[in-house]
Amino acid sequence: MRAYERLLRYVKIYTTSDPDSTSHPTTARQFDLAGILETELKELGLADAHVDEHGYVYATLPATPGYEAAKGLGFIAHMDTAPDASGENVKPQIHENYDGGDVVLPGTGAVLSPRQFPFLSGLRGQTLITTDGTTLLGADDKAGIAEIMTMLETIRQENRPHGKLCIAFTPDEEVGQGADLFDVEGFGAAYAYTVDGDVAGEISYENFNAAAAFVTVKGFSVHPGSAKNAMINAQNVAIEFHNALPAFERPETTENREGFYHLCSMEGDVSGAKLGYIIRDHSAANFNCRKETMRHIAAILNEKYGEGTVTLEIRDSYFNMIEKIEPHFHLVENARKAIRAAGLEPVEPPVRGGTDGASLSFKGLPCPNLGTGGFNYHGPCEGITVEAMDKATEILLNLADIYKDVQ
């Protein structure tokens, strides 16, 4: 079975996670796909396949005779889809021999156009899979799951020699909790790859350092007719705080390794106001400077309006995985070899976000991220090609072959 055939089955299973839930997993429906994957893994000969109480699927393919000394290599993908768009009743559309032009999504009449997405013209002649426009597709990350499963099936069918292969499918990645309850020790791998990126041939091993910042402003409300030298309008102080941040260091004005401050939410009245930010930077030094800048602004405003007027809370979220990947840079070098062996040239963009691999790397499992072949994730313009999925699967097979000799 080719990877895309598995994808077409998996995307029809509703697995969207919920950022407001306090359960683990955040939605019980993720168990639906987890149970199916457990069964399929057992059918492929991974006898220890199981789903734990938190919705994580784990399985091991033992090394073939003669390769037992190879260090365990892991492959990880996530089962949930993003809550940014509907993941229910997904109706994938197949466009054979795509001509590189406009694609009308029949559910809404929306047009997927190379004028808006220029890379589409480079997919001419491939078999394109899209949504019908009413939902996302779910290639993020059911394509990664499909490619890992197809890799395993190919290894078994062709009796390819390999070291120990450790497999995990996780819940709740899209709401930032995919690595939270991951059993690194029980997983049994020395190294791993998440299969959750974009173009086939992509390797990601740098991501943002990330924090959330919460600004609370306490005002003093009096009648506006007698407010002079008395009123402290919390909304104006909040605006003052925001305007003290660099105006050109926002998501809409930055790219590549440029960090930013992003105002995510604001609310308030004269008596009180709240601002919610995320802070991002690839550089650890710059990341710390950004946090200090916010603390400095809060201190200045408290000097101006009185101590306690502005309260700032900063919570670190995740960190740049490169710190943990560099001591194991063979993961990147071998991924490059695997990609070139599949006839592609590696693409190595810094991730302007985070990955489960980043969190897992800091838990002791060095874990770069590989592309699946998909694009336009988290919305109704999401898509992937059959050919890209085949290449992504080939890359995984090449890695399994390379690491059978790594002790």
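The lining of the largest cavity has 4 nonpolar, 3 polar and 2 charged residues by class, where Ala, Val, Leu, Ile, Met, Phe, Trp, Tyr, Cys and Pro count as nonpolar, Asp, Glu, Lys and Arg as charged, and the others, Gly among them, as polar. The model is predicted, so to speak of a local feature takes a pLDDT of at least 70, side-chain atom pairs count only at pLDDT 80 or more, and totals for chains, interfaces and linings use all residues. Residues are numbered from 1 along each chain as its sequence is written, and side-chain values use heavy atoms, with hydrogens and water left out.

Let us stay with that cavity for a moment. On a 1 Å grid over the protein atoms alone, a cavity is a set of points where a 1.4 Å probe fits but cannot get out, while a pocket is an open set with protein on both sides within 12 Å along at least five of seven lines; a lining residue has an atom within 4 Å of a point. Grid points are joined across faces, edges and corners, and a volume is the space filled by probe spheres set on the points. The largest cavity holds about 50 Å³, and His24, Tyr56 and Asp172 are among its lining residues.

The second largest cavity also holds about 50 Å³. Its lining includes His78, Asp141 and Glu173. Strands S3 (73–78) and S9 (191–197) each give two or more residues to this lining, and S3 gives the most, with 3 residues. Helices (H or I, at least four residues) and strands (E, at least two) are DSSP runs, numbered from the N terminus.

Now for the open spaces. The largest pocket has about 1,100 Å³ of space. Glu173 turns up again here: with Tyr318, Gly353, Gly354 and Thr355, Glu173 lies nearest the centre, among 37 lining residues. Strand S14 gives the most to this lining, with 4 residues. By class the lining has 11 nonpolar, 12 polar and 14 charged residues.

The second largest pocket has a volume of about 260 Å³. Its lining takes its largest share, 3 residues, from helix H10.

Helix H10 (residues 386–403) also packs with helix H1 (residues 3–10), at an angle of about 110° and with axes 8 Å apart. That makes H1 roughly perpendicular to H10, a term for angles of 65 to 115 degrees. Axes are lines fitted to C-alpha atoms, for helices over the stretch in contact, and angles run from 0 to 180 degrees between N-to-C directions. Where they meet (heavy atoms within 4.5 Å), Ala3, Tyr4 and Leu7 in H1 face Val386, Met389 and Thr393 in H10.

Terms used: Parallel < 35°, antiparallel > 145°, perpendicular 65-115°, else oblique.
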